[in-house]
Amino acid sequence: MTIRLFAALPIPLELGAELVGLQRGIPNAKWRPVDAFHVTLRFVGEVNQAVATELDEALALIESEPFDVSLVGAGVFGGDLPHAVWLGVERSEPLELLAARCERVCRRIGLSPDTRKWTPHVTMAYLNTSADPGRIAQWVANNATYRSGSWLADRFHLYSSWLGKGPSRYEAEAEYPLAPAL
């Protein structure tokens, strides 16, 4: 049996409630539910239980201090064939370091490197081919200057992803606290 995994920062529920207010203006968009909001640090994909256990143990050894995070701006994945709209995450050295540490852990346990360029973001909606490109562009323009309040990232999770009818469902399989260096 395999499990689909990714490491990510959770989004505070209060911020999630604010984000839901931005989910309008693109007919036929598959808007993400509040409990699906997260900032992916490293997508892992399908692994067997032994690898999942090894990954969990290795992620638990990551050391990082808590840091502030905020969302800023908006964008689209897919270029001429857009498949998702998102809000960006303001880049910071602690965020970049945590993502790099997650990548190193994955490589150390034998997972293939992630070849996609890492773009920290929160997916707001998935799009299908019937989504109007003009409405998509308008949504991105309307949210280009969006800036959330900051929150303290004091933990990250290893999530499982379950695909099926309706929106994919995510479950936190493990939590890794971030703590100041002693």
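**View 1. Strands β9 and β10 sit side by side.** In this predicted model, β9 (residues 155-162) pairs with β10 in the antiparallel sense, over eight bridges. Here, two strands count as paired if DSSP finds at least two bridges between them. Strands are DSSP runs (E, at least two residues), as are helices (H or I, at least four), all numbered from the N terminus. Look for serine 160, which stands opposite glutamate 171 in β10. Residue numbers start from 1 along each chain as its sequence is written.

**View 2. The open sheet has four strands.** Their order is β3-β1-β9-β10, with antiparallel pairing. From one strand to the next, the twist averages 25 degrees. Angles run from 0 to 180 degrees between N-to-C directions, using axes fitted to C-alpha atoms (for helices, over the stretch in contact).

View 3. Helix α2 (residues 49-59) lies across β1 (2-10), β3, β9 and β10, at about 145 degrees to β3. Helix α3 (residues 93-108) lies across β1, β3 and β9, and runs at about 5 degrees to β3. Contact means heavy atoms within 4.5 Å.

**View 4. Now zoom in on threonine 40, in strand β3.** Its side chain makes a 3.1 Å polar contact with that of histidine 38. A polar contact is a pair of N or O atoms within 3.5 Å; within protein, one must be able to donate a hydrogen and the other to accept it, and residues adjacent in sequence count only if both atoms are side-chain atoms. Leaving out residues up to four places away in sequence, threonine 40 touches Phe6, Ala7, Ala8, Trp118 and His121. Because the model is predicted, local features need pLDDT of at least 70 and side-chain atom pairs count only at pLDDT 80 or more, while totals for chains, interfaces and linings use all residues.

Conventions. Heavy atoms only, no water.
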